[in-house]
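Dear colleague,

Please find the structure below, together with its sequence. My notes on what was found in it follow.

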2 protein chains.
Amino acid sequence: MLPAMSLRDRKRARTREALVEAATVLFERDGYDETTIADIAAAAEIGTRTFFSYFASKEELLFPESDARVRAAVEAIADRQPDEGPAEVLLRALHKIGDDSDDLGSRLAALRLRFVRDIPAVRGRALQIQTQAQGEIARHLAAAFPDELDEVGAAALTGAFVGAITAALQVLLADLDRLDDPAAVQAAVRKATDVALRPWFR
Amino acid sequence: MLPAMSLRDRKRARTREALVEAATVLFERDGYDETTIADIAAAAEIGTRTFFSYFASKEELLFPESDARVRAAVEAIADRQPDEGPAEVLLRALHKIGDDSDDLGSRLAALRLRFVRDIPAVRGRALQIQTQAQGEIARHLAAAFPDELDEVGAAALTGAFVGAITAALQVLLADLDRLDDPAAVQAAVRKATDVALRPWFR
DNA sequence: GACCATAGCTGCACTCAGTGCAGATTTGCA
DNA sequence: TGCAAATCTGCACTGAGTGCAGCTATGGTC
């Protein structure tokens, strides 16, 4: 990625990071609703108008690399071993997301968890991103198992796994007040995956 | 419900219906984004400001009775028969929703399907409503099976069912251009439920 | 039937998200 | 150095949504 980066692109990437960083600081200090886009743009030293050429909305700031995870999951599916069934491959792909997913210790990750719980607009966006990711994963899964799965079956299987894990995780995180403790969150993710998928594996 | 309805309450209910009806007409004619809240309020002959004492946002107009369905599902769980297991009861509850869910032939239902697919804000809201409903159903399910299920397990089971059905349905509806054909939609719902839950029953 | 407390309705002024446009600035490349 | 394209930015605008203050209608009371 370093090679094909013109000065223009590098500058743009730096501004993008500056925006996320500025937003993180302001969100932590003032809260989500209390921070305006104008505040964030000013802190990152760009014009308010320019913000919208980097992020389409305020929520997007909280999900700056959502597609990287999908790519990781898709790669995991491509690595399918001959002896694996659809469920095993899918499980491996989801673990890939769950493991590195929480850029452990990232302040942004903690904010994200909190705001997904507390701010409707953020929750809505998170659910949309998840739904879309789920769809892409299902498509790739169907492609990897043309004999065993059709599009609908792959979607159902993926939806079942993701739905079960997400729902279990939600309950577990609800009782957790320290959302900024990476170890605790990680443990909750593991337990949720464990409980949710027990009916399939074991 | 007729008894405990004062004139005030009846008038309020009528205004609420008028808003939904006006919105339906305008949405059909002009589309979602092109219809402003001011337009809708004017068509229902109330002040723009007053709109917000009936609905918190434009999206809510598309989900006027989302809680009635949850209540139906909860009742279905309460009707648990002694010989039923958690999965059977949950299936019955979800069927309850799926059956009457599409106020078949309702123009609003057709609009809802279209807008959930096309308008991000509406999709986000729909997912939120579904997530919340799912949580409530899971809580009641756990309560109905205190020995077999804990909160987390009930959430996982419910999430798996709902996730599987929703994902399957999404694929099926994507290929459907006539979202206003109740029979076709109903058939898709049945097929999605069927495919999604085959692994559990059969 | 008059009276009053309360709930509901409305206009006004405001903040903020987000968009279109046009002009200035910067970058990539020849 | 010079030019075309990409980027940045201010300006003006629309529309969602909120707080407030004043008005109106309702429900119950005397």
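Around DNA strand C there are 20 residues, a residue being near a strand if its C-beta atom, placed from the backbone, lies within 6 Å of it. A:Ser6, A:Leu7, A:Ser57, B:Ile46 and B:Gly47 are the closest. This is a predicted model, in which local features need pLDDT of at least 70, side-chain atom pairs count only at pLDDT 80 or more, and totals for chains, interfaces and linings use all residues. Residues are numbered from 1 along each chain as its sequence is written, while chains are lettered from A and ligands numbered from 1 in the order in which they are written.

**The DNA strands**

At least two residues each of the surface near DNA strand C come from H1 and helix H2 (37–43) of chain A and from H1 and helix H3 (48–51) of chain B. Helices here are DSSP runs (H or I, at least four residues), numbered from the N terminus. By class, that surface has six nonpolar, seven polar and seven charged residues. Ala, Val, Leu, Ile, Met, Phe, Trp, Tyr, Cys and Pro count as nonpolar, Asp, Glu, Lys and Arg as charged, and the others, Gly among them, as polar.

DNA strand D is surrounded by 19 residues, and the closest are A:Ile46, A:Gly47, B:Ser6, B:Leu7 and B:Ser57.

Chain A can be laid on chain B with an RMSD of 0.0 Å by a turn of 180° and a shift of 0.0 Å along the axis. That is the relation of a two-fold axis. The superposition is by least squares on the C-alpha atoms of residues with pLDDT of at least 70 in both copies.

In the interface, 28 residues of chain A are in contact with 28 residues of chain B, contact meaning C-beta atoms, placed from the backbone, within 7 Å. H8(A) supplies the largest share of chain A's side, 17 residues. That side divides into 15 nonpolar, 10 polar and three charged residues. The copies meet through the same surface, because 100% of the interface residues of chain A are also interface residues in chain B.

**Cores and helix H1 of chain B**

The largest nonpolar core has 77 residues, of which A:Leu141, A:Ala168, B:Leu141 and B:Ala168 touch the most other members. Such a core is a set of buried Ala, Val, Leu, Ile, Met, Phe, Trp, Tyr and Cys residues joined through C-beta atoms within 7 Å. A residue is buried if 20 or more other C-beta atoms, placed from the backbone, lie within 10 Å of its own, exposed if 12 or fewer, and partly exposed in between. A second, separate core of 34 residues includes A:Leu19, B:Leu19, B:Ala23 and B:Leu111.

In H1(B), the buried residues are B:Leu19, B:Ala22, B:Ala23, B:Leu26 and B:Phe27. They pack against H2 and helix H6 (107–118) of chain B.

**A backbone feature to note**

Most residues other than glycine have a negative phi. A:Glu45 has a positive phi of about 60° and is placed in the loop between H2 and H3 of chain A. A:Glu45 is exposed, with 10 other C-beta atoms within 10 Å. In chain B, phi of B:Glu45 is also positive, near 60°, and B:Glu45 lies in the loop between H2 and H3.

With kind regards

Note on methods: Two residues are in contact if their C-beta atoms, placed from the backbone, lie within 7 Å.
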